[in-house]
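Visitor: Could you take me through one part of this model closely? I would like to look at the charged side chains and how they pair up.

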Amino acid sequence: MKNLYKRIIPIIAATTLITACSLDTTFSSKSTDSTSSLVTPTSNPNNDASANASASVDSTKEKESQASSTVASTQESIATTYDESLPTIVFLGDDQFDLGRSDNTSISYYVDTLLETDANVINLGCTGVNSSTAPNTTDDSSVNFVNMARYINGELDDSFWDNYPSAKAEATCFTPSDVDFYVIEFGVNDFLNIKELVNNTEIGDSSCYVNSIRVGVSLLQEASPDAKIIVCSPVYSIFFGEDGSVLGSGHVYANTFGRYLDYCSGCINAAVEKGCLPFDAFDNEYMNIGDETTGEYLQADGIHLTRAGRNTFAAIVAHMINKQLGLDDSEIGSPYDIEDYMLPGESY
């Protein structure tokens, strides 16, 4: 597949590795230890002149903290600090947010390192999940965005997380009324699982992708009325057939209900409709992602972000949060360049 892909589009040469759900220790104060797995440009890019696979991961970085509570992961017990005086940021998402848990290269981890303040950063990303619920039932208890929001809204107990122990450990460590920001990213699994795009007749039909974004956001707004919600669309992707042939980019590749692009734009439209802060990760307004750069941004499956891709994605989210906190008054005048977030010698 890799050789064929290179012949068609100069993009991808990464290997894939299925990562386990080990706890991402991201709700502690910032440390000053090694930054071997993190690229932080000397100047912020916005101030310059300027379907199933998992993560390709790199070197590790531990964050030091004094323990006020202890949470368990499937691999080890890690002491973490939750400080009610600090902003609380909760990440709700699929594979893109779950990637990098095991070696501190997750999007939530990078956001924590790039914030202009200490914060409680909580990662509830779960690999393989949809935003939408199962069709033709009102008794869906699976892990998806709507049910995550129902849990946060007090409608489900913590046994809901039993199949995702890393997320469960973090889900029990915050109070919804204390949340300052939610960061949401779902959709590629809904598209690949051929979940219906939208039902404009029955707005509450959460078995449809766009409706599920609306329903889930409404539940979070009920649970955390003072929280700001950043809704990220699925990222730009390339799709392959089982034989490795390129089926097309998200601009053209479609399932029964629409193009991948339609799912991404539907997500952003729902975010704006619900008064959220939109981050269109499909378009290149924020990241320089497109056919020429997917080799840097995406793993060989054409869907999952590389380490540098996650770092770049996180830099944009961190900028949005810093701006909302009054810690950065700059605008994103041009797309963030992934080369500013690549480690020396890092290539794909």
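Guide: Happy to. A salt bridge here means a side-chain nitrogen of Lys or Arg within 4 Å of a carboxyl oxygen of Asp or Glu. Please keep in mind that this is a predicted model.

Let's begin with Arg214 and Glu273, whose side chains form a salt bridge with an N to O distance of 3.3 Å. This pair connects distant parts of the chain, since Arg214 lies in helix 7 (residues 209–223) and Glu273 in helix 8 (residues 260–273), 59 residues apart. Arg214 has a relative accessibility of 11%, and because buried means under 20%, Arg214 counts as buried.

Asp262 meets Arg259 in a salt bridge, at 3.0 Å from N to O. Asp262, at 22% relative accessibility, is partly exposed, and Arg259 is partly exposed too, at 33%.

Another pair to find on your screen is Asp162 with Lys168, a salt bridge in which the closest N and O atoms are 2.5 Å apart. Asp162 has a relative accessible area of 44%, which makes this residue partly exposed. Lys168 is likewise partly exposed, with a value of 24%.

Finally, have a look at Asp98, Arg101 and Glu170, which are joined in a network of salt bridges. Across the structure there are eight salt bridges.

Methods:
Residues numbered from 1 in each chain as written. Predicted model: local features only at pLDDT ≥ 70, side-chain atom pairs only at ≥ 80, totals over all residues. Heavy atoms only, no water. Buried < 20%, exposed > 50% of the residue type's maximum accessible area, 1.4 Å probe, protein only. Helix = DSSP H or I, 4+ residues; strand = E, 2+ residues; numbered from the N terminus.
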